[in-house]
Amino acid sequence: MSRGHASHFQSSEQQAQAARLGMWVFLGSELLLFGGLFALYAGYRAHAPQAFAEGIAHSSKGLGSTNTGLLLISSTLAALSVHAGRAGQRRRAALLLFGTMALGVAFLIIKLVEYRAHFRAGIYPGGVGQFFVQHPTPGLASFWTLYFAATGLHAVHVSVGLLLLAVTTAALLRGKLMAERLYPLENAVLYWHLIDLIWIFLWPLYYLA
Amino acid sequence: MTTVADLPRVEPNFLGAQTSVRSWLLSTDHKRIGILYFVATTLALGLGGLFALLLRIEHLTPEKTIMEAMTYNRLFTLHGITMVWLFMIPSIPAAFGNFLLPLQLGATEVAFPRLNLLSFWIYVLGAGVVLFSLWLGGVDTGWTYYAPYSSRSPSAVVPALVGIFIVGWSTILTGINFIVSVHTLRARGLSWMRVPLFSWTIYATSIIQVLATPVLGFSLLVVMLDHAFAWGLFDPAQGGDPVLYQHLFWFYSHPAVYIMILPAMGVVSEVVSTFAHKNPYSYKALVYSTLGIAFVGFLTWGHHMFVAGMSVFDAGAFGVLSMLVAIFSAIKVFGWVATLRRGSISVKAPLLYVFGFLFLFIFGGMSGVAVAAMSLDVHWHDTYFVVAHFHFVMVGGTLTAWLAALHYWFPKVTGKLYSERWAAVASALVILGFFGTFLPQFLLGNAGMPRRYYNYAPHYQALNVASTLGSWALGSGLLMTLGYLLHALVRGPSSGANPWLSRSFEWRTASPPPERNFEQPLDLGLDAYDYTAGFSDAERRP
């Protein structure tokens, strides 16, 4: 490790290239994971378009759209953090990551508030709850179950992303990531962008139309 | 013994470098991880094979022979789960791929050695959870976990699903590791179109692993939620659509067939070239057909669902796309046969298995073209015809290629030679036993015997007995193989560096290889299949 790269690589540039490619391939894999969710959504929406319109009318557009804004800003901060890292501004990069994480945590809190509101309204996954007694539209249960599955899986990804960012911030502050060896930061931020990107598709499907 | 091929080495080989248990279980050496995978997947093969033998014994008589109906249901489910996910998916890619990919690329490691070790232990964890479900009484849904039965079955569905979900992570991480290795770690001078053919198939397989496995993971996750919390996404009683489950499941599980067969094809390409001592008839055709199968494999899943409610147009489209796979496969088969033609052939155990492979794979492949046509499939669907078809490809194809790989690279890994005579006897037992087991099943299926049934009509008995006898020959061939290979491991004579006189890159270093794979960094501006130069006397000496 004396030359700054693992011995099976020729150079630290090659190691960074491998790490970046590895992350991109992993992101491709993640897209397919959510692809299954989108396929189910398409299938059930084609079965019951009215029920999906009714479900979307009941979702909390305000909170959902606020969350979209939070994630977009957090992604911007994350991208700025990479810029700062490349310029060798370690503290600035860490500060921007703290900002990213704060917004991510705020996203999760708002999500939980939303879930609580749904539970209070008698909406649970699997078509359980008072709401479905009052609204017996066929397909409505599928909409809400899918909603919980999609946003739940996304929330798990947000949590993993937060963990990844926290580890990266710690490494930054301990001086382990320099301008030449920045790929752990770049990879963590790439992952965060994917989380943002997936939400950009979940948002219209479950909140807008 | 100090022959030229056995010159004193600067480094100890990877087997002797460290010998503690810890140095094996926590090794990040791709060669040791390959061996760990080999041991684990072979144990899975033994377990899955035992289940199969028990199932065949049960079918000796039309009514109960040795087990209850519920036991039968659980055994065929576990046979499928173990063979597909614990043996066949990782058998060639994770075991042989790990050992050979860096050697064939002229690299000292895979791109992410620690991730590689993690993948192995994730596999072990997942396999453990699957076996835990066995202890809880097993699963009776069939390896396909078809909804809505899987949402309701009183058996231990959830642990079996969790186990496969975990194994899926191992598959994805291994895939990422191999893709990145091929992209970034090729030795100086090794351009893409000179990468050895086995590595090409591992590369294509890895792409399938990375893209298909998450869809399986997602589908199984939903079935888990359906079973554990009654979410009902695939349960029609709650407005769910079980056919959507089938689409998602086969979107993974059909490409998964190519995860199993592509590396087998890579093995055959290597063995044919080495034992004919001739360059492949067309290297490019073999590479492009590999990529073609990997791509088209994603577009054929619907042929599993011809009777599940599908428009005539869809069925036709899926049928034609499925037949494209046969075209790519035929290109390969002709390529291999043309490579053998006028080659300087030495008939050794690996090549015997390849002969078996060619015969069984053509048989299985052609029956695949037949079931890809909807009109025929409606007749054969859910009968033993389909069971025979996929066992011809999976066992006749993948298992024989796995045995070819095992015999071909055994000296590479251990530096020892096994008895060719015993190997020839065992290969005859395996191939004939296999044929005896599954040929009757084509006839049974065509005569209308449904699959997965505990009882059968008495007039099917003769063929069932034939099939069971075949399974005993197959099983004894495999046990014999285990016996003489273990004997060779301990007592076998030294093989020297290159006993088969191969030109492929992995044979250009000592056998077993040194810890760092090569004595000095390689410049691979060479052809892995260039046999024009012939061999020196020093190379010919055993």
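Visitor: Is A:E186 buried or exposed?
Guide: This is a predicted model, so every value here is computed from it. A:E186 has 12% relative accessibility. The cut-off for buried is under 20%, so A:E186 counts as buried.

Visitor: Which side chain does A:E186 meet in a salt bridge at 3.0 Å?
Guide: That is A:R20, with the 3.0 Å taken from N to O. The pair links distant parts of the chain. A:E186 sits in helix α7 (residues 183-208) of chain A, and A:R20 sits in helix α1 of chain A. They are 166 residues apart.

Visitor: And A:R20, how does it count for accessibility?
Guide: A:R20 counts as partly exposed, at 29% relative accessibility.

Visitor: Which side chain meets A:E186 at 3.1 Å?
Guide: A:R86 does, again in a salt bridge. A:R86 lies in helix α3 (residues 61-86) of chain A, 100 residues apart from A:E186.

Visitor: How many salt bridges are there over all chains?
Guide: The count comes to 6. One of them is in chain B, where B:E68 pairs with B:K64. Their closest N and O atoms are 3.0 Å apart. B:E68 is partly exposed, at 46% relative accessible area. B:K64 is partly exposed too, at 47%.

Visitor: Back to chain A. Which residues do shared partners join into one network?
Guide: A:R20, A:R86 and A:E186, through their salt bridges.

Visitor: New topic. How many residues are in contact between chain A and chain B?
Guide: 30 residues of chain A are in contact with 32 residues of chain B. Together the two chains bury about 2,600 Å². Of that area, 75% is on carbon and sulfur atoms.

Visitor: How many salt bridges cross that interface?
Guide: The rule finds 0 between chain A and chain B. For polar contact, the count is 10 residue pairs.

Visitor: Which helices of chain A each supply at least two residues to that side?
Guide: α1 (12-47) and α6 (140-173) of chain A. The largest share comes from α1(A), with 19 residues. By class, the side of chain A that touches chain B has 17 nonpolar, 13 polar and no charged residues.

Visitor: Now chain B. How many helices and strands?
Guide: Chain B has 17 helices and 0 strands. Its radius of gyration is 23 Å, close to the 24 Å that the globule rule gives for 542 residues. So chain B is as compact as a globular protein of that length.

Visitor: What box do its C-alpha atoms fill?
Guide: Roughly 70 × 45 × 45 Å for chain B, along the principal axes. Buried residues make up 60% of the chain.

Visitor: Where is B:H30?
Guide: B:H30 is in helix α3 (residues 30-58) of chain B. B:H30 counts as buried, at 0% relative accessibility. Its side chain reaches the backbone oxygen of B:F99 at 3.4 Å.

Visitor: Last one. Where is B:S155 found?
Guide: In the loop between α6 (149-152) and α7 (157-184) of chain B. B:S155 is buried, with 6% relative accessible area. A polar contact of 2.7 Å joins its side chain to that of B:S153. B:S155 touches other residues too, among them B:R74, B:D140 and B:H227.

Definitions and conventions. Residues numbered from 1 in each chain as written. Chains lettered and ligands numbered in written order. Predicted model: local features only at pLDDT ≥ 70, side-chain atom pairs only at ≥ 80, totals over all residues. Heavy atoms only, no water. Contact = heavy atoms within 4.5 Å. Buried area = accessible area lost by both parts, 1.4 Å probe. Salt bridge = Lys/Arg side-chain N within 4 Å of Asp/Glu carboxyl O. Polar contact = N/O pair within 3.5 Å; in protein donor to acceptor, adjacent residues only side chain to side chain. Helix = DSSP H or I, 4+ residues; strand = E, 2+ residues; numbered from the N terminus. Nonpolar A, V, L, I, M, F, W, Y, C, P; charged D, E, K, R; others polar. Rg over C-alpha atoms; globule rule 2.2 N^0.38 Å. Buried < 20%, exposed > 50% of the residue type's maximum accessible area, 1.4 Å probe, protein only. Lists of a residue's contacts leave out its neighbours within four places in sequence.
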